[in-house]
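User: I would like to go through this model with you in short questions and answers. Please start with the surface.

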Amino acid sequence: MATDEELLTRSRSDASAFEPLVERHSRALHGYFARRAPGAADDLLAEAWLRAYAGRTTYDAARGPARAWLFGVARNVLAAHWRGQERRASATAFADEGSSDPWHAVDRRLDAAAVGPLMRQTLAELPAVERELLLLIAWEQLSPTEAAVVVGVPAGTARSRLHRARTRLRAALGPSAPLSLTGDLA
């Protein structure tokens, strides 16, 4: 069975080589979108696959695994979606509280509902890259190295930022902090 990297590279000349990538990664990418933009996850997934297919020639295996590249494409699609929402909200002058804040959806979906408001506040206070690294690892099950590729920082930098984010969460939430986000720092 061909690796993701081989398939992505081969898809440059053989479009059918791209299909197994869609089959292998659609569920994970859909989950990524569903946790961040529940009402738009299907459309965002379709857009991500269109952009990944169109941009498949830009994939460079030396920069990281294909899975991380796909999540990078998904992250860019999601960012464009949020920018579009903000533009539409400001153009119509209808800005309901939090309409452009994607973290409200995160808040509603946390398993630990009792710490939801504090979790949302703490996540919102994290620098954007630290927050994204933490969520890519906790929710999308990416390794720190793969998450580093997605956000465009060196792996060592990603690990130190992840450590910093987990330390902040643990300090803010105390013993009620979900293990999936705070990890094991031992």
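User: How much of the accessible surface belongs to carbon and sulfur atoms?

Analyst: This is a predicted model, in which local features need pLDDT of at least 70 and side-chain atom pairs count only at pLDDT 80 or more, while totals for chains, interfaces and linings use all residues. Residues are numbered from 1 along each chain as its sequence is written, and side-chain values use heavy atoms, with hydrogens and water left out. Accessible areas come from the Shrake-Rupley method with a 1.4 Å probe, and for residues only the protein chains shown count as cover. The accessible surface of the protein is about 9,800 Å², and the share of carbon and sulfur atoms is 53%.

User: What pattern does the secondary structure follow along the sequence?

Analyst: Helices (H or I, at least four residues) and strands (E, at least two) are DSSP runs, numbered from the N terminus. The protein has 10 helices and 0 strands. Along the sequence the pattern is therefore α-α-α-α-α-α-α-α-α-α.

User: Which element has the lowest mean pLDDT?

Analyst: pLDDT is the predictor's confidence in each residue, from 0 to 100. The mean for the protein is 85, and 80% of its residues reach 70 or more. Among the elements, H3 has the highest mean, 97, whereas the lowest, 55, belongs to helix H5 (residues 103–109).

User: What share of the contacts with a separation of 6 or more joins residues 24 or more positions apart?

Analyst: The count takes the contacts in the protein with a separation of 6 or more. Of these, the share from residues 24 or more positions apart is 57%.

User: Is Arg36 buried or exposed?

Analyst: Arg36 lies in helix H2. A polar contact is a pair of N or O atoms within 3.5 Å; within protein, one must be able to donate a hydrogen and the other to accept it, and residues adjacent in sequence count only if both atoms are side-chain atoms. The side chain of Arg36 makes one with the side chain of Glu140 at 2.7 Å. Its relative accessibility is 2%, so Arg36 counts as buried.

User: With which side chain does the side chain of Arg67 make a polar contact?

Analyst: Arg67 is part of helix H4. Leaving aside neighbours within four places in sequence, Arg67 is in contact with His25, Glu140, Gln141, Leu142 and Glu146. The polar contact, at 3.4 Å, is with the side chain of Glu146.

User: What is the phi of Gln141?

Analyst: Gln141 sits in the loop between H7 and H8. At 58% relative accessibility, Gln141 counts as exposed. Although Gln141 is not a glycine, its phi is positive, about 60°.

User: How far apart in space are Leu126 and Arg166, C-alpha to C-alpha?

Analyst: Leu126 is in the loop between H6 and H7, and its relative accessible area is 4%, so Leu126 is buried. Not counting residues up to four places away in sequence, Leu126 touches Arg131, Leu134, Ala165 and Arg168. Leu126 and Arg166 are 40 residues apart in sequence, and the C-alpha to C-alpha distance is 10.0 Å.

Key
Contact = heavy atoms within 4.5 Å. Buried < 20%, exposed > 50% of the residue type's maximum accessible area, 1.4 Å probe, protein only.
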